[in-house]
Amino acid sequence: MRPVDHRWKSADIVGGNAALDLINTVSGWNHDPEDWAPSVAGFLTWARISGVLDAKEKKQADRLAATSPAAAERALASMNELRLTLRRLVGSLEQGQDPGSEDLSPINRWARRLALSREVKVGRNGIEFALKQDLPALELPCLRVTAAALALLENPPATRLKRCRSRDCGWMFVDGSKNRSRRWCDMAVCGNLSKAKRFRARYA
Ligand SMILES: [Zn+2]
């Protein structure tokens, strides 16, 4: 996988679920894949843009990564493992296939880790589950992605889970359009690119 120092922007967050957005930190999974989060800095920038870290947590995570390179490396390795797990699981779902046990054990490990990291507390809307306050900020993105992944698995929007039609892209998203006709991760990027290619093929 080719590392790319991508400049993340909010338009890159198209999945409609943080688990899909983590999978989408790789562009072109099936064809010349590019890793758009090859470093801790890139991963944390993605985490902030995608909303799995707030501004204060992002600062804490940056500080932690700067003072403890070993913790930063561990966070990146965890992210890589979770990303691959989700890619395989969600890929099976999208294809309408049951995932194999080799794909289920890692997500079960993450589910257990999430369960141990949460506590019941009284929030703005009454009783709620929240991540414990004392967790290292570097661990928050993957735990939140795990929560989003479990929500997706509990209620799989099977017919709405889609992969961008562009061969070079492959980003995944939940199709929230009324008639479920969305084909591209982003019409402005892959949709137009595809139209331009078709146009060239027809008239060039
Ligand atoms: Zn696309």
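Where is the place of Glu102? I looked it up and found Glu102 in helix α5, residues 101-117. I keep in mind that this is a predicted model.

**Glu102**

I then took the distance to Ser181, which is 79 residues apart from Glu102 along the chain. Their C-alpha atoms are separated by 33 Å.

**Whole chain**

I counted seven helices and seven strands in the chain. From the N terminus on, I read the order of elements as β-α-β-β-α-α-α-α-β-β-α-β-β-α. The radius of gyration is 18 Å, close to the 17 Å that the globule rule gives for 204 residues, so the chain is as compact as a globular protein of that length. The C-alpha trace spans about 60 × 35 × 35 Å along its principal axes. Of the 204 residues, 32% count as buried. I also looked at contacts between residues at least 6 apart in sequence: 61% of them join residues at least 24 apart.

**Core**

Which residues touch the most other members of the largest nonpolar core? I noted Ala19, Ile23, Phe43, Leu86, Val145 and Cys185, out of 47 residues in that core. The elements that give two or more residues to this core are α1 (18-23), α2 (40-50), α3 (55-67), α4 (69-95), α5, α6 (140-154) and β7 (172-174). I followed up Phe43: leaving aside residues up to four places away in sequence, Phe43 touches Ala37, Leu76 and Met79. As background, nonpolar side chains in soluble globular proteins tend to be buried together.

**Three-stranded sheet**

I found an open sheet of three strands in the order β1-β3-β2, with mixed pairing. Its edge strands are β1 (2-3) and β2 (26-27), each pairing on one side only. β1 and β3 (residues 34-35) run parallel and are joined by two bridges. Across that pair, Arg2 stands opposite Glu34 in β3.

**Hairpin**

How many residues lie between β4 and β5 in their hairpin? I found two residues between them. β4 covers residues 118-123 and β5 covers residues 126-131. The two strands run antiparallel, and six bridges join them. One facing pair I noted is Val122 opposite Ile127 in β5. I then checked how well β4 is covered. β4 is hardly covered: among its six residues the count of buried residues is zero.

Note on methods
Residues are numbered from 1 along each chain as its sequence is written. This is a predicted model: local features need pLDDT of at least 70, side-chain atom pairs count only at pLDDT 80 or more; totals for chains, interfaces and linings use all residues. A residue is buried if 20 or more other C-beta atoms lie within 10 Å of its own, exposed if 12 or fewer, and partly exposed in between; C-beta atoms are placed from the backbone. Helices (H or I, at least four residues) and strands (E, at least two) are DSSP runs, numbered from the N terminus. Two strands pair if DSSP finds at least two bridges between them. A nonpolar core is a set of buried Ala, Val, Leu, Ile, Met, Phe, Trp, Tyr and Cys residues joined through C-beta atoms within 7 Å. Two residues are in contact if their C-beta atoms, placed from the backbone, lie within 7 Å. The radius of gyration is taken over C-alpha atoms; the globule rule is 2.2 Å times the number of residues to the power 0.38.
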